[in-house]
Amino acid sequence: RFGTSDVAPRASPSARRSCFRGLRVLAVAMLAPGAAAVAVAGSYPATVHVVGRTHPRENSDIFGEYTFAGVYDGRPAYCQRRASSAIRYASACRRWVIDRHGLRDSDICVAYADDLCGAAHPAHIDLIWNIWEAQARSHVRDAAVAVLDAPAAVSLVGQIVPGMAGVDGAMSCQFDLSGLHHGRAAYRQRAGDMVLRFHGPEGRWLLSTAGDMGNLCFAFAQGPAAAHPACGDMVWHFWDSQRQTFFPDPTAKVLCCPRLVHVIGRAANAENARINGTYHLAAAQHGRPVYVQPGTMKIMWFSGKSQRWLIDCDGPSEPSLAGRVYQWLSGDAFSASERCSAYADAKGAMHPGVRSLEWRVWEARLGRHELDASVRATTAPLAVQLCGRLPTEENADICGEYLIAGTHDGYPAYLMSGTRLAIRYWSSCSKWVIDREGMPNHSRTVAYMDDPGGAEYPPESGLWHVFESSRGCHLPDPNIALIVPRSAPTTVQAIAVPAAHGAAPFEPKRHLAGLAYDAGKRMRLDHGAVGGARFVSLGA
């Protein structure tokens, strides 16, 4: 309780997982006593991150990403993406609180910060958080803990420094949000020892090794007002060991974008199917990323003139890809021509790996670019693994590894090798489903997970429901989890796309023993009461 030693007990991971779906639904009904939730688009950060503690420290499970869930008690509220915790405002005591039991009217919390600065949202750097510690039997001040309005990952492109590797000299390296340094977001290199951190005394962002202290660094950028290193158009200066001084590099940028983008969905027998594949971050132009497909002449870039993302299959060629990318971007090909193999209206997207972008592909027989609803540029993993269903239980065979195989209904779709088992999104009912018949347009499914937010790809958190013939309905199985295996491929080599929904998606020479599956394993989700045995149908 606020100001006392009492605190709610920690819920087990399985309990948090099983109750999360219900709490997200309650977020609308319980945001304010006697009032409906009010979502004020653009007024508050869409996501915030709680940083400062890692496993195995006590209460480290409350740390991570939170998404905007409406307005509670006059201030924005946020729900944890992968668990049940929520951040809300308690006006009675003028405190921001983190409650591991979601959005509710309670004086019990796992963490709080006194609102002495009138913060409009919890991601205010002047808020000092107090975290419950069982040994002290009280909330203990922890200055390292903060709620940040900063991206979960950023990418540095345009320059090589010791300890970093790039694509043909055009360095691109991803950094993950790791904590707080001098009151700003700090990032650590993924699978590396480099960090991006803020140095308060000089108002500079530094690129250094994790062990460097003070202003020791490989590179710096002046940015005293920047909340994170991808803010604004900062100029980075890199150390030149021969000249023993720092020199500006206008090509080096820190961007809020992924290092890899996969283009999928164009049928193999269609014109310009070569747009499919994995594109690597290689440069920056006008504050936007430029991607190339190594070993080819393919390039993906942003046109400020038309406000479009373009894919050109006849862009710069190797060798010396880095130099050719910049030469190509600064030459006539960039300024005078926007000829391309495919394009998508940007709609404000800062990078092309956004599922909602609709791509138009050039078709010579028509003399124009035509919309291909199956084509998507995505950051989805190329493989996911479903696990946790007990071998003795019905439909245990749905567990296994699924590989990306194109798109369905505008979302990435996955298939289990050697079977017709598919994971796909059914947008009309906001569910990820597992289908034994591949990707046809029907409502028969063996398992599903609710996802009203329409995640870019199957989320790693969520409650799966599996069909049980003994009950004649889908029942929740909290043991099932979806993960991205460490051995998952990172590059799209070849994508087999079904010619039509319902067609065998791959391995045409490999036939199943028969299609007469047990009816109990592919039942229709019928209309019925939520909380009872049945749910809304997945379609007609």
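At 21% relative accessibility, E133 counts as partly exposed, just past the 20% limit under which a residue is called buried. In this predicted model, the side chain of E133 meets that of R53 in a salt bridge, with 2.8 Å from N to O. The arginine of this pair, R53, is buried, at a relative accessible area of 6%. The two partners come from distant parts of the chain, 80 residues apart: E133 belongs to strand β7 (residues 129-133), whereas R53 sits in the loop between β1 (47-51) and β2 (64-72). Both also take part in a network of salt bridges that links R53, R57, E133 and D142.

Salt bridges number 26 in the model, and two further examples are worth a visit. D450 pairs with K431, the closest N and O atoms being 2.6 Å apart. Here D450 lies in strand β33 (residues 447-450) and K431 in strand β32 (residues 431-435), so the bridge ties together parts 19 residues apart in sequence. K431 counts as buried, at 5% relative accessibility. The side chains of D314 and R274 also meet, at 3.5 Å from N to O. D314 is partly exposed at 49%, as is R274 at 40%.

Turning to the nonpolar side chains, the largest core holds 25 residues, of which F175, Y187, L196, L207 and W236 touch the most other members. Elements giving two or more residues to this core include β11 (172-181), β12 (184-189) and β13 (194-199). For a closer look at one member, L196 touches residues including V154, F175, Y187, L207, W236 and V254, with residues up to four places away in sequence not counted.

Terms used: Residues numbered from 1 in each chain as written. Predicted model: local features only at pLDDT ≥ 70, side-chain atom pairs only at ≥ 80, totals over all residues. Heavy atoms only, no water. Core = buried A, V, L, I, M, F, W, Y, C linked by side-chain atoms within 4.5 Å. Buried < 20%, exposed > 50% of the residue type's maximum accessible area, 1.4 Å probe, protein only. Helix = DSSP H or I, 4+ residues; strand = E, 2+ residues; numbered from the N terminus. Contact = heavy atoms within 4.5 Å. Salt bridge = Lys/Arg side-chain N within 4 Å of Asp/Glu carboxyl O.
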